[in-house]
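Let's take a friendly walk through a few helices and the loop beside one of them. Have the structure open as you read.

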Amino acid sequence: MIYRNIDETKADVLKEIKNPSLTYDQIVSRLAKIAENQLPYPEGVGEEYFELFEKDIVSDLGEGHATFTPRYILPNYEKLLKEGCDFLRLKPAKTLMEVINSLLIFYHHVPSFSNYPVFVGRIDKLLDPYIENEEMAREQIKWFLIHLDRTINDSFCHANIGPEETLAGNIIIDLEKELQNTIPNMTLLYDKEKTPDGFAVKCIESSLICANPAFANDRMFKEDFGDEYGIASCFNGLPSNGGAFTLSKIKLNKVAFDSESIEEFFEKNLPYAIDILCNFMESKIRFLVEESTFFKTNFLVTEGFIELDRFVGMFGIVGMHECVTYLMKIQGKSFVYGKDDEANKLGLEIMEFIDNRVKSFKSKYGKAMNNRFLLHAQIESTAETTAGVRIANGQELPIYAHLRHSGLFHKYFPSGVSDHFPFDSTAINNPDAILDIFKGGFEVGARYLSSYRQDGDLVRVSGYLVKKSDLERLKNGFHVNYGNIRYGKEQILNHNILDRMVRTTDE
């Protein structure tokens, strides 16, 4: 239900307060969302949206009814270090110690949908100019990373490194292998011309130990955003000094299930759902910009750490695999998404339709992205809906065929899409081969790839990380201090994440 009466609200509040698996911070966050959701959605959200919501065709991803902060924020951290911050009474940083403490203070004041910063910057580039003594820097950066992991209780927090190799980048990767932290999620912005093979291999070795970092196709993202972009939250490409107003999603499989023919899907149900969701997102954005106070009074805006024009709406999709399967079935065909050309061709036809329809909607805001929403490959908790445009777990292709399939679809998703590959334990002896695999994937159009060791503790679920050991703690009734563990539990139970095809370097 979208609206709750007072008795239902009281029951919800009591349920959260009595939940033994929640920490204090998690209870406070959930209670705040219950309070916010006593308000109606902004003006302009009509009954058509609620009808699609009741059919489980669209979702606002739990953002709440009255958006009062952007979902994702990518501040200008370089400006902080060079100029300081009046609001936080921070002066320009002069030493590595001052850099680290200024960043940690600043992070505490960067909001998001999760109440924690989803982007902590290109941390190697932020730290590297201030390193004078490597041994001392290693100890300071170690405690910087520990602080992030222990105080940012949400692994949608994301750090970037690269594409160039730096001393700070090497220290960070060394420490990642040692610390085995869940937070921050980390991405190497990889460019074959700028990222030395030795450093990239070191990052692969790290990922096989601790699932960090993933690899982003830097050239591909720069084609969409220019030089000023970052990877935030899961794997979300967004403009630097800006971010995302909002993210909502459409469930393609549910649109298909509501259609009696492929003609009804393309001519009626799909365009209708896209248009309703675009208008819903626009209503939320206008409320955020014009009625809430964030873009009028928040110090991030008033001191120039972010710019209104560099925010964008994110239009998410899930369920392509099941959508194609169903549309094939009602045509009397049995072609399989991923495996068969005709099924893949239909998937691409659907993507072209969505891409063109979403681009035809012009938002009042988002000047940096030409006032257009960006497509994003989303995840889903229910077992019947595969994430984004992925091939369903258990039906994967041999890795090179799988990457060619990824290359067909990743181009449509500037604001994020991914594929993740668990490798067997012998891969640690041949990380160069995995780098070659990733290079090939990027050459055929893959945007974002990751590796991890199948028998390791850390698992990359969508873009974020969870520990198998933390899942066991949660199942046994113990507290776990980061909220994503619950999303990870849903994915592992409903989507067989731990049963992804295990790869070898000699496939």
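Where is asparagine 181 found? This residue sits in the loop between helix 8 and strand 5. Please keep in mind that the model is predicted.

Asparagine 181 counts as buried because its relative accessibility is 3%, and buried means under 20%. Its side chain makes a polar contact of 3.3 Å with the side chain of arginine 150.

Leaving aside residues up to four places away in sequence, asparagine 181 touches Leu145, Ile146, Asp149, Arg150, Leu458 and Leu465.

Helix 8 covers residues 167-179, and its 13 residues should span 18 Å at 1.5 Å a residue. The end C-alpha atoms are 18 Å apart, which agrees. Just after this helix, glutamine 180 takes a positive phi of about 55°.

Which residues of helix 8 are buried? They are Ala168, Gly169, Asn170, Ile171, Ile172, Ile173, Leu175, Glu176 and Leu179. These buried residues pack against helix 6 (123-127), helix 7 (134-151), strand 4 (158-161), strand 5 (185-190) and helix 9 (197-210).

## Helix 18

The buried residues here are Pro431, Ala433, Ile434, Leu435, Ile437, Phe438, Gly441 and Phe442. Their cover includes strand 5, helix 9, strand 6 (214-217), helix 17 (399-409), strand 12 (419-423) and strand 13 (448-453).

Notes. Residues are numbered from 1 along each chain as its sequence is written. This is a predicted model: local features need pLDDT of at least 70, side-chain atom pairs count only at pLDDT 80 or more; totals for chains, interfaces and linings use all residues. Side-chain values use heavy atoms; hydrogens and water are left out. Helices (H or I, at least four residues) and strands (E, at least two) are DSSP runs, numbered from the N terminus. The expected span of a helix is 1.5 Å times one less than its number of residues. Buried means under 20% relative accessible area, exposed over 50%, partly exposed in between (1.4 Å probe, protein chains only). Contact means heavy atoms within 4.5 Å. A polar contact is a pair of N or O atoms within 3.5 Å; within protein, one must be able to donate a hydrogen and the other to accept it, and residues adjacent in sequence count only if both atoms are side-chain atoms.
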